[in-house]
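Trainee: I would like to go through this structure term by term. Please hold each label against its rule.

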Amino acid sequence: MSVIVAENISKKYIIDHQRKNGSSGLRDIVSDTVDKWFRKQEKNGFAEKEEFWALQDVNFSIDKGDRIGIVGHNGAGKSTLLKIMSRITEPTTGQIKIDGRIASLLEVGTGFHPELTGRENIFLNGAILGMSKAEIRESFDAIVDFAGVEKFLDTPVKRYSSGMYVRLGFAIAAHLNPEILIVDEVLAVGDTEFQKKCLGKMRDVSESGRTLLFVSHNLTAIQALCNKSFYFEKGRLIDQGDTTHIVTNYLSKVSHKSLEKHWDNIDSAPGNDQVRVKSFKLFPEYQDDLNHIDVRTPINFQFEFWNMVEGASLNLSMHLYTFTGECIFNVGTQAESFSKGLVSGTCEIPGNFLNDGSYVVSMMIVKDTSTVLYNMEEALVFDIEDYRENVTWYGKWPGYIRPQLNFSIRQSEHVVND
Amino acid sequence: MATQHSITIKAGGSEKDYWKDLWLNKQLLWILSKRDLSVRYKQTLLGVAWSVLRPLMTMTVMVFVYSYVAKIKADPGIPYPLMVLGGLTIWTFFANTFTQISNSILINHNLVSKVYFPRLLMPLSSVAVGFVDFLITFGIYLLVTAFFQTPISWQIIFLPCFILLTFITSMGFGLFFAVLNVRFRDIGQLIPFMVQVGMYVCPVAYPSSLVKGTWYEKYYNLNPLVGIIDGFRWCLLGSKSYFNPQSLYSTVITSSIILVISLIYFRKKENTFVDHI
């Protein structure tokens, strides 16, 4: 029996290339109009509005008890779909029929008010997520217990540590009792312990026969939880079916290497009015005349961008992810003050450090060590091949990294046999 | 969050269930109101005293400026301070609720982008703070009445009608600006300015009997607040306070029309708030 049937769902956004910041004001409209009157000759296609289809012609049906994983790149339309299903925004065309009580968890601790106490926020957040007062009262002790915040119930949540805050938020959500649960990437926050708790709770949900929709970049979690998966690309649902099949398909499609990206034209380069990216390149120091990267290969990264603000204090922050989305490390440079013009940064990952596998790099330009000016997500993708010497074992080497450490064995005592 | 068991999501929203949905979420309305109320006085030094001090101070200044300096007179038989405080009480109620409704969507933007509930709950719940402030100011008014030994007139039984009218009017204007505020942030700057100008345009510091017989009287009465403020004073101070029934008709008609238009506008736009926030 289908509990969710989606027919021809599309969602259109209008992107305004002229506006640099998201919010538009009356001033913009007035000045745009004035601009158009006085500078007609300068009009070019770039300043025009452009339609962007975040979702196009999506059709699917979900049966009761199905646990659906949704995979796809950033910007593939996964979150837009969840937003439409949660009724936060409406589709431009098409319709979705949903049978059953539905709850969506797009964020942990939605609507928490920093000035209110833990107790007050439990009732507030519970009500926002759709629980009745009686239901909240019933699960109140369980929530407090799960979150481990007994002592701080009457403290404003602004004094909570971020861990406590997230735990309380998740504890409330975990006690929702919907027939259909929609979860978006909430596992991205919190420590490992918390993520384990989340996954455990979600497994309970899926095992109790309820319907689950789960978006995540963590393919391991999707494989553990979901029996079916949807694969989105550029707003279209391009494949659906058994999770193992979809995940393999997804990995093979995305595993094209991209070792270099560059833009020659400052106007069309990615970025904003403060910084624009010129290039991001990867130079492997190939070993033994090979032309592929293996575990011994040192890798140099070179990143160049245009700084357009005089005296901006900037630093770079680079994330390295595994293909399944786990972050292996994040490194940052010192912040320095730069004048207008090209700024470049380099980073070296030594050889004999990463394990074999596929890796994704993203680069952030950060201002005043706190504001992310531009985040170039999934900027470079590369594969590291396996290489072993003097080993007769060829199983998959475990772990994300494969460092060479000072690890040795020696004979510490001789037993003398007579 | 929807609690019905079967819904259809499509462009244009699911019209027929909206009001039922709103009713089902009445608990959330109550909780959101309670949140606004408890947040309001946390971390303020004087707490609730602000609600008492503000109208008292405004009244004192107005009595000094308009009565002693500008020599404006109240209607015969009515103490000027009472007239001002009466006007201020209902005007402040309108001004506060109007401002809060206009900002309600933006203030709750974190909810708008993460969870569904009928968006009308946000403007509705934002009225609570203004209403509690109104009750406090009204209490002060009663105390001041006792001080001037002015009897309360029997017309006070009509008071709830005027409170309801104020609510309708502030909803009508507020919903419209709440929607605009999401799209154009400039509206946020405009609202305090409108409230400030409004106080001079409306008969708060002067009786509207001053307008009686002038060529602009009929235009003046188009302002729905004129009927409300005069009516409110008439309820408290009796027939000695000038009240032109014509201004009441215009209030009822204008406010209802504005409310209906604003509601339609709000309903049309509410499902796409998140795309602009």
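**Strands across two chains**

Mentor: Strand 4 (residues 93-99) of chain A and strand 1 of chain B pair in the antiparallel sense, over 5 bridges. Keep in mind that this model is predicted.

Trainee: What makes strand 4 of chain A and strand 1 of chain B a pair?

Mentor: The rule asks for at least two bridges between the strands. Here there are 5. The label holds. Within strand 1 of chain B, B:Thr8 stands opposite A:Lys97.

Trainee: How many residues of each chain are in contact?

Mentor: On the chain B side, 32 residues; on the chain A side, 40. Contact here requires C-beta atoms within 7 Å. Elements giving two or more residues to the chain B side are strand 1 (6-10), helix 2 (26-41), helix 5 (109-112) and helix 12 (273-276) of chain B. Helix 2 of chain B supplies the largest share, 6 residues. By class, that side of chain B divides into 13 nonpolar, 12 polar and 7 charged residues.

**Strand 13 and its partners in chain A**

Trainee: How do you know that strand 13 (residues 312-322) of chain A pairs with strand 15 (residues 336-338) of chain A?

Mentor: Count the bridges. There are 3, and the cut-off is at least two. The two strands run antiparallel. A:Leu314 stands opposite A:Glu336 of strand 15 of chain A.

Trainee: Which strand does strand 13 of chain A join through 5 bridges?

Mentor: Strand 14 (residues 327-332) of chain A, running antiparallel to strand 13 of chain A. A:Met318 faces A:Val331 of strand 14 of chain A as its opposite residue. The hairpin of strands 13 and 14 of chain A has 4 residues between the strands, and A:Gly325 takes a positive phi there, near 100°.

Trainee: How many bridges join strand 13 of chain A to strand 17 (residues 357-367) of chain A?

Mentor: 9, again antiparallel. A:Leu316 stands opposite A:Ile365, and A:Tyr321 stands opposite A:Val360.

Trainee: Which strand pairs with strand 17 of chain A over 10 bridges?

Mentor: Strand 18 (residues 371-384) of chain A, in the antiparallel sense. A:Val361 stands opposite A:Leu380 in strand 18 of chain A. The hairpin of strands 17 and 18 of chain A has 3 residues between the strands, and A:Asp368 has a positive phi near 50°.

**An enclosed helix**

Trainee: Why is helix 2 (residues 78-85) of chain A called largely enclosed?

Mentor: Because 7 of its 8 residues are buried. A buried residue has 20 or more other C-beta atoms within 10 Å of its own. The buried residues are A:Lys78, A:Thr80, A:Leu81, A:Leu82, A:Lys83, A:Ile84 and A:Met85. A:Arg87 follows this helix, with a positive phi near 65°.

**Two packed helices in chain B**

Trainee: At what angle do helix 10 (residues 224-237) and helix 11 (residues 245-269) of chain B pack?

Mentor: About 130°, with their axes 7 Å apart. That angle makes helix 10 of chain B oblique to helix 11 of chain B. Roughly perpendicular ends at 115 degrees, and roughly antiparallel needs over 145.

Trainee: Is the crossing left-handed or right-handed?

Mentor: The crossing of helices 10 and 11 of chain B is left-handed.

Trainee: Which residues meet there?

Mentor: Helix 10 of chain B brings B:Pro224, B:Val226, B:Gly227, B:Ile228, B:Asp230 and B:Gly231. Helix 11 of chain B brings B:Ser247, B:Leu248, B:Ser250, B:Thr251, B:Thr254 and B:Ser255. By class, this contact has 4 nonpolar, 7 polar and 1 charged residues.

Note on methods
Residues numbered from 1 in each chain as written. Chains lettered and ligands numbered in written order. Predicted model: local features only at pLDDT ≥ 70, side-chain atom pairs only at ≥ 80, totals over all residues. Axes fitted to C-alpha atoms, helices over the stretch in contact; angles between N-to-C directions. Parallel < 35°, antiparallel > 145°, perpendicular 65-115°, else oblique. Left-handed = near helix turned anticlockwise from the far one by under 90°. Contact = placed C-beta atoms within 7 Å. Nonpolar A, V, L, I, M, F, W, Y, C, P; charged D, E, K, R; others polar. Buried ≥ 20, exposed ≤ 12 C-beta atoms within 10 Å, placed from the backbone.
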